[in-house]
Amino acid sequence: MQLEQSPQEAAWSGTVPSALDARVLGLIVVIAGLAASVNVPYGGVPLAVAAFVLLAGAGIVVHVLGERKLRRITDGLVDRWIEAGGAIEDVTKSSDGMRTEWTVHTPDGTITIGGIALVPLSRLSVEWQGVGDSMDASEAADNMDQLAATLYEEIFEIGSATQRS
């Protein structure tokens, strides 16, 4: 009897891994380079280098802060789903490193949580069985309990019932 119940227990370690997006980092470097090159005729190479370092550094910080925000939201959603009785096997980052997204593994399938990780523009997206939804990450963080309850109902209650039929 215990062997049948053990897969229902949460096997998740409790840690959402970091998932930086190489495409966003590349875009930041290119934009910083283009913006800094405008300074060459006016301030010379030293000013252009200083502008590049400043812009690239600020862009990387903005991306890291956006990634942390999305990771905290993902962690909060998974914790609330486990508390509500959802079976979470594991949470992994996307394998290619080209997206800020995580895959939540459940017995009924996978849930993909990710989005745009730039702090003032951060967007959260959740996809399950080919159906996705996105919203502002700040709005998701502010309404975490309501969002988790709504997604839990759609994924774990309604979704698992339709898969059994």
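Predicted model: local features only at pLDDT ≥ 70, side-chain atom pairs only at ≥ 80, totals over all residues.
Local features need pLDDT of at least 70 and side-chain atom pairs count only at pLDDT 80 or more, while totals for chains, interfaces and linings use all residues. Residues are numbered from 1 along each chain as its sequence is written, and side-chain values use heavy atoms, with hydrogens and water left out.

Let's start with the charges. A salt bridge here is a side-chain nitrogen of Lys or Arg within 4 Å of a carboxyl oxygen of Asp or Glu, and the count comes to 4. Among them are these:

| Pair | N to O distance |
|---|---|
| R23 and D21 | 3.5 Å |
| D145 and R80 | 2.6 Å |
| E101 and R99 | 3.6 Å |

The D145 and R80 pair links helix α5 (residues 144–164) to helix α3 (residues 40–83), so it ties together parts that are 65 residues apart in sequence; helices are DSSP runs of H or I, at least four residues, and strands are runs of E, at least two.

As for burial (buried is under 20% relative accessible area, exposed over 50%, partly exposed in between, with a 1.4 Å probe and protein chains only), D21 is buried at 5%, whereas R23 is partly exposed at 45%. D145 is exposed at 52%.

Now the loops. T100, between β1 (90–93) and β2 (101–106), is buried at 3%. Contact means heavy atoms within 4.5 Å; leaving aside neighbours within four places in sequence, T100 touches residues including A19, D21 and H63. Q129 sits between β4 (123–128) and β5 (131–136), and its phi is near 55 degrees, positive despite not being glycine.
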